[in-house]
Amino acid sequence: MCLAGGQAAARRLLLAQIGAESCRTFCEQFFNSASARARLAAMSSIEEDDAFEAAAQGSLSARAMVARPAPYLDELNPAQRQAVEALDGPVLMLAGAGTGKTKALTARIAHLLWTGTARPNEILAVTFTNKAAREMKNRVGRLMGEAVEGMPWLGTFHAICVKLLRRHAELAGLKSNFTILDTDDQIRLMKQLIVAANIDEKRWPARQLAGIIDHWKNRAWTPEAVPAGEASAFNSRGVELYAEYQARLKTLNAVDFGDLLLHMLTIFQAHDDVLAQYRRWFRYILVDEYQDTNVAQYLWLRLLAGGHRNICCVGDDDQSIYGWRGAEVGNILRFEKDFPGAQVIRLEQNYRSTPHILAAASGVIAANKGRLGKTLWTEAEEGEKLRLIGHWDGEEEARWIGEEAEAMQRGTRGLNPYSLDDMAILVRASHQMRPFEDRFLTIGLPYRVIGGPRFYERMEIRDAMAYFRLAVSPDDDLAFERIVNTPKRGLGDKAQQKIQTMARSNGVPLVDGARLLIESGGLTGKGARELGKLIAGIGRWHGAVLDARESHIELAERILDESGYTEHWQNDKTPEAPGRLENLKELVKALEEFENLQGFLEHVALIMDNETEEGGAKISIMTLHAAKGLEFPVVFLPGWEDGLFPSQRSMDETGLKGLEEERRLAYVGVTRAEEVCTVSFAANRRVYGQWQSALPSRFIDELPEDHVDVLTPPGLYGGGYGAAAPMGSGLEDRASRADVYNSPGWKRLQARSAERPVSQPRESRSMVIDAEAVSAFALGDRVFHQKFGYGQVTAIEGDKLDVEFDKAGPKKVVARFVTSADVPF
DNA sequence: GAGGCCATAGTGAGG
DNA sequence: CTATGGCCTC
């Protein structure tokens, strides 16, 4: 846009030349020469659409010019190859778990490039996560032999929409430098609106409103378009608040995540010329994880693909697990209707799991109705059956998995040792992680939690970011609100109220409002002095940003020091303070990868992962949702109990639909495993401090018997399970204990275990110990307990011992939980 | 204005 | 049971 005329003409010429080259040379140049990359990088810039179109028009259709066969095709199986070579027209690639979906998708991109069918910038490839986008970029690069810097339109829905919306911001009533609010900002904004609307924010919390509005945006409903049937939402005032929220965002020159898509969708719908332009640009469209698309994304894709219909969607209806987030499985089920004549290609050869694991997964998912249907098969060796084990309570489950992980790590199962990195524990809900963390901490088993609170969501990081945001744009009111009294500047509610009033009555941003307030003498004393310093600071930092002489890293450090924020945490004596200072250092370090603060902020708004990872091998703990797309040789699936998994709440909310989504989640869980998959459940679990019993999950009944191996834990059934009740747990009184054993799942489990020969080749360590343990102790014996460590027996009462532990002091313990300290195992 | 106490709530999680 | 948030007191 702002190129000097001569330069622009030169670039036009250059681009036209590229277009006229044979595609082989083109690819070679593009991927192998730095200058060609630079040219393409320039070409991909959003500001150069004139040049872009010129190039597109001046190009030859070079498709037929390939002489050499493409190298990546040899690595594909027939179905994958078919999916890769069907370049024109609508294609639905139904790719089961572990069938080489990403491989096919990236090969398809490579094929588009290699055959000269499309240039890198004519391909729109959308994913849901940054991780998926990154991986795809890397893999296309590897196939083509170089990093792909010239694929500007490979990214997440949101990242692509940001690029587009910056270009067309004015059509949505925004300036192109709009800010992107995160969830935290949104909620604070809504809270203000709720209070302003005189609604009791206790009964109607902002979080809930945020959820409703998000839901509406996912359905592509603008405030005007929300159907009347939804009007009762949020005390009947949901739509009204939604409209106010949107208006407020507009005045703040801000958007939330949902808006990124919705604004672009409305622009496409209202401006034929804009839509037509992008239909010309994006000649080939690829969509990953199509089963996860919501209505807004679906409509967006349909509009863009509407002309040429060169759209390839990849997905697996059996892995649709984001219905609660607005995803519509219907989108994938309906694909052939939406795009008549579409080719449907099924990828069914699985390269990940053993036949037993696949069969178990298929057995579970078969119970769902309305599937497109796939039959996964594999050439892999038979391997082990899926293992099933019941436990008395959640702690025992955690203990057993800990021991099992250690055993597998040592290779004592008669198999090769596995690294802890090869193992994962997949849970339904994040609170299930805790027993494992507790257990692993006590036995010193290294673990990592995937998907915990993320780096950029931590308080100190968000505070620091707010300072950076103010330095870049001083009129960022939400950022100002966040840090005006952080660190404490003696500016409480009342002072902040005054600033708000002053700003609003003068129609200026909060910083200016604050300045006016001081000048008018409306604020005095310490507060005024501190506020004055803050305002001066913001002015200075903003100057430094504009000036750009100082490196942005030094500037960032200076901002944190001058604002007193670093000092604030240095003076803080809570145990978290050192960690927070560490995080701030990390943040500054992260700046190094960017050229300036603006670039960094843009990046962070869309990318929130925390990728710092060091240390040795660790077992991974994560939710089933977080595990999608990952694979591990060894997978543990604990907590398969009705109510927990399938989740009661999910079933209550959406009935059969919810249950089916839970079942798909089970399918996702099992199919993460390559070699060993262990499902477990506990008869009792402490939930919010209360003991609750549960029946084994109905999904356990759905596991086909021929592919399941029932492991018999010691002391749970087959006699003597009462001994396993932890002391003082209150379980002794539980009348419902027997009920557990009346469920079909349990009976089946017992029937299965009865079929098994008495001695099994693999017995857990505690089983062996157990046999000796019951009668093996005498007063004064040295014993070892997994939780309490070493100690000495001071009394014996049946199967209960009083033990004086060296570290933990006197405790009553059940004999089978201790081992003789003299006997090494 | 800040710190402490009490009440309350508590799936899943991408951008 | 624990984390968070609002309210009340100093």
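**Exercise 1.** Work out how Lys 628 and Asp 292 are paired, where each of them lies, and whether they are buried or exposed.

*Solution.* Lys 628 and Asp 292 form a salt bridge, with 2.7 Å between the closest N and O atoms, where a salt bridge is a side-chain nitrogen of Lys or Arg within 4 Å of a carboxyl oxygen of Asp or Glu. Lys 628 lies in the loop between helix H29 (624-627) and strand S13 (632-637), and Asp 292 in the loop between strand S6 (284-287) and helix H14 (295-305), so the pair ties together parts that are 336 residues apart in sequence. Here helices (H or I, at least four residues) and strands (E, at least two) are DSSP runs, numbered from the N terminus. Both Lys 628 and Asp 292 are buried, a word that stands for under 20% relative accessible area, with exposed meaning over 50% and partly exposed in between (1.4 Å probe, protein chains only).

The model is predicted, so local features need pLDDT of at least 70 and side-chain atom pairs count only at pLDDT 80 or more, while totals for chains, interfaces and linings use all residues. Residues are numbered from 1 along each chain as its sequence is written, chains are lettered from A and ligands numbered from 1 in the order in which they are written, and side-chain values use heavy atoms, with hydrogens and water left out.

**Exercise 2.** Describe the salt bridge between Asp 184 and Arg 188, and find the network to which these residues belong.

*Solution.* The closest N and O atoms of Asp 184 and Arg 188 are 4.0 Å apart. Because they stand 4 residues apart in helix H9 (residues 183-196), about one helical turn separates Asp 184 and Arg 188. Asp 184 is partly exposed at 35% relative accessibility, and Arg 188 is partly exposed at 22%. A network of salt bridges links these two with other residues, among them Asp 182, Arg 462 and Asp 476.

**Exercise 3.** Identify which residues come nearest to DNA strand B, and which polar side-chain atoms approach its base oxygens.

*Solution.* There are 28 residues around DNA strand B, of which Ser 430, Gly 492, Thr 623, Arg 649 and Glu 653 come nearest; a residue is counted as near if one of its heavy atoms lies within 4 Å of the strand. A polar side-chain atom of Arg 428 is 3.1 Å from a base oxygen of DNA strand B, and for Arg 649 the distance from a side-chain N or O atom to a base oxygen is 3.4 Å. Helix H22 (493-506) and helix H30 (648-670) each supply at least two residues of this surface.

Key
A polar contact is a pair of N or O atoms within 3.5 Å; within protein, one must be able to donate a hydrogen and the other to accept it, and residues adjacent in sequence count only if both atoms are side-chain atoms.
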